[in-house]
Amino acid sequence: MKENQLKMNQSVHCRTKKMVLTAMFACLAFVLNTFVYFPAMAPFQHFVDVLAAVFLGPWYACAAAFLCGVMRMLSGRTIQAVAGAVFGPIIGGLLYRKTGSFVMTFIGEVVGTGFVGAMVSYPLMKLFYGLDAQSPFYYIPFYTPAAVVGAGMGVAVLLTLRKTRLLERMKNELNV
């Protein structure tokens, strides 16, 4: 009985850590995207997405991207802030979970955001904002460079953490 209670407490503790880190990643992405601004680009969203995908997995990383996107929408951005951001961490996180490769996480973030997010944003922008573009591929050239730059920065940080042996310590602390 005590053993089951201990396992349950550890599970709750782990989930709590992940929820707190999810909120911290969402806020980090929001602050970085707010104060380090590039016109029509949000590379720091993708930077944080890659980190969150590795540390938290696909679903918590998606939640962080969603929360950041909602905060960005509340501060004046369009629905693209949510629609473009959530697919990268899911695909990147699933690929990382399957392979353990930062390169695959990078590819998942770029494909998820640069292509899937861009394609999903098109009908939403047309419906809610009256976008006049005629092609569902319209956003790909805008989303992909930001995803490449941001995901590359995320991989660079992860490689540095791995080289200094901090990555494993941090992941062990989260029990991932």
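Tutor: Helices here are DSSP runs of H or I with at least four residues and strands are runs of E with at least two, both numbered from the N terminus. By that rule the protein chain has 8 helices and 0 strands, and its elements run α-α-α-α-α-α-α-α from the N terminus on. The model is predicted, so to speak of a local feature needs a pLDDT of at least 70 and a side-chain atom pair counts only at 80 or more, while totals for chains, interfaces and linings use all residues. Residues are numbered from 1 along each chain as its sequence is written, and side-chain values use heavy atoms, with hydrogens and water left out.

The pLDDT, which is the predictor's confidence in each residue from 0 to 100, averages 89 over the protein chain, with 93% of the residues scoring at least 70. Among the elements, H5 has the highest mean pLDDT, 97, whereas helix H1 (residues 2–35) has the lowest, 83.

Two packed helices are described by the angle between their axes and the distance between the axes. The axes are lines fitted to C-alpha atoms, for helices over the stretch in contact, and the angles run from 0 to 180 degrees between N-to-C directions. Helix H5 (residues 87–99) packs with helix H6 (residues 102–129) at an angle of about 155°, and their axes are 7 Å apart. H5 and H6 are therefore roughly antiparallel to each other, where angles under 35 degrees count as roughly parallel, over 145 as roughly antiparallel, 65 to 115 as roughly perpendicular and the rest as oblique.

In this contact, meaning heavy atoms within 4.5 Å, H5 contributes residues including Phe87, Ile91, Leu95 and Tyr96, and H6 contributes residues including Phe102, Met104, Val116 and Val120. The contact of H5 with H6 divides into 9 nonpolar, 8 polar and 1 charged residues, with Ala, Val, Leu, Ile, Met, Phe, Trp, Tyr, Cys and Pro counted as nonpolar, Asp, Glu, Lys and Arg as charged, and the others, Gly among them, as polar.

Another pair is helix H2 (residues 43–56) and helix H7 (residues 140–163), whose axes come within 7 Å and cross at roughly 45°. H2 and H7 are therefore oblique to each other, and their contact has 16 nonpolar, 3 polar and no charged residues.
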